[in-house]
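Dear colleague,

Please read the notes with the model open beside them.

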Amino acid sequence: MKITKGKVIVCSPGRNFITIKLETDEGVYGIGDATLNGRELSVASYLEDHVIPCLIGKDPSNIEDIWQYLYRGAYWRRGPVTMTAIAAVDMALWDIKGKVLNTPVYNLLGGKCRKGVMVYSHANGKDIEHTLDEVGKHLDMGYKAVRAQCGIPGVPTTYGVPKDGGKYEPAEKGLPSEHAWSTEKYMRHVPELFKRIREVYGDEPLLLHDCHHRLTPIEAARVGRDLEPYRLFWMEDPVPAELQEGFRLIREHTTTPIAVGEVFNSIYDAERLIKEQLIDYIRMTTLHAGGISHMKKVASFAELYHVQTGSHGATDLSPVTMAAALHFDMSITNFGIQEHMAHTDETDEVFPHAYSFNEGYFYPGDEPGLGVDIDEKLAAKYPYDPAYLPVNRKEDGTLFHW
Ligand code: EZ4
Ligand code: CO
């Protein structure tokens, strides 16, 4: 069997997505997600100009060999663009293998470890009352776990909170807009949010919160400690994680579980965090961290150190990634939870998929391969529409982490 053709499909059904489609001489094709929010076209070029030409004529059965060819063979290792491009190819190859063997990808990864994949959704509100309503709506929809984010009094824009009251979407059209931030105001406000959620909805719902890399270790230690009475499932991205050692200080001060990893792209980004048991959940995804093949290694390594997975699943990860993540989540023993942010109807129409939601759990479906496709004709109706994540400044104008 040989790869005969590869193409990159750029579309924007509600937001921008990059998709690779690999075709073979036996008529079977596979698809993979290559979306890197705000840097989409760089991955498209990486694939079109440098990866696809090397794949033509290769046997798509040899997934690990192709992975190594693209990783070691490029000489330049790691980095979000490279690892997203490799991931896209990897997903497409697993999709092809499943279709050829007429079995869902989770079967190829060792089979099902559980009945379904527990997901958490997002409740975002402009203030505490609004967030309380949103938490209630998601619990009514059947979600067992909800991430709560809330506008902060005196701060005009906050991560996770839509400006216009519509659905929250991290990328905004046009060039990057500027947001403002006050750590002091945030730290005063966030414990009140979770106090109120527990008062209204009781102890049972699993509650999560994303600090979005905005704190220092000692600030994160304080937030973790202040939130202990409300028993969070996790505190996400407490600090920027370039300095893995920074997590030790947080760990020494709080029992609030810690999750990190959505911007990681290699097992080496998490090596110390996992080995020294400085985190509880590793949030790397099949999309930005080298595909299913690399994530299997991350999960196996994490398993040794009591670390569970908590795969990133925001709207900038296409339904192709959602499918890949669900097959992967089903197949590993140390799965923790999967993020889920609903795509727009336009996105779901462009990417027909077998996965489904019921009472807080997602199911990958039993179609051969990943069980997701792209409707290329429909995709062509939604051309690329430049959009960027915002940048963030402190109140005095200092450029800060978004
Ligand atoms: O800001 O995916 O947990 N989810 C997140 C996301 C990220 C976006 C960045 O592209 O933090 O909303
Ligand atoms: Co996050």
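**Helix packing**

In this predicted model, the axes of H6 and helix H7 (residues 217-227) come within 9 Å and cross at roughly 20°, where axes are lines fitted to C-alpha atoms, for helices over the stretch in contact, and angles run from 0 to 180 degrees between N-to-C directions. H6 is therefore roughly parallel to H7, a term used for angles under 35 degrees, with over 145 counting as roughly antiparallel, 65 to 115 as roughly perpendicular and the rest as oblique. Helices (H or I, at least four residues) and strands (E, at least two) are DSSP runs, numbered from the N terminus.

Thr183, Tyr186, Met187, Val190, Pro191 and Phe194 in H6 make contact with Glu219, Arg222, Val223, Asp226 and Leu227 in H7, contact being heavy atoms within 4.5 Å. Sorted by class, seven nonpolar, one polar and three charged residues form this contact of H6 with H7; here Ala, Val, Leu, Ile, Met, Phe, Trp, Tyr, Cys and Pro count as nonpolar, Asp, Glu, Lys and Arg as charged, and the others, Gly among them, as polar.

**Cavities and pocket**

On a 1 Å grid over the protein atoms alone, a cavity is a set of points where a 1.4 Å probe fits but cannot get out, a pocket is an open set with protein on both sides within 12 Å along at least five of seven lines, and lining residues have an atom within 4 Å of a point. Grid points are joined across faces, edges and corners, and a volume is the space filled by probe spheres set on the points.

Of the 15 residues lining the largest cavity, Gln149, Cys150, Thr158, Tyr186 and His209 lie nearest its centre, while H6 gives the largest share of the lining, four residues. The second largest cavity holds about 40 Å³, and its lining includes His312, Gly313 and Met341.

The largest pocket has a volume of about 1100 Å³, and of its 37 lining residues His213, Glu262, Val263, Leu389 and Trp402 lie nearest the centre.

**Conventions**

Residues are numbered from 1 along each chain as its sequence is written, and chains are lettered from A and ligands numbered from 1 in the order in which they are written. Local features need pLDDT of at least 70 and side-chain atom pairs count only at pLDDT 80 or more, whereas totals for chains, interfaces and linings use all residues; side-chain values use heavy atoms, with hydrogens and water left out.

With best wishes
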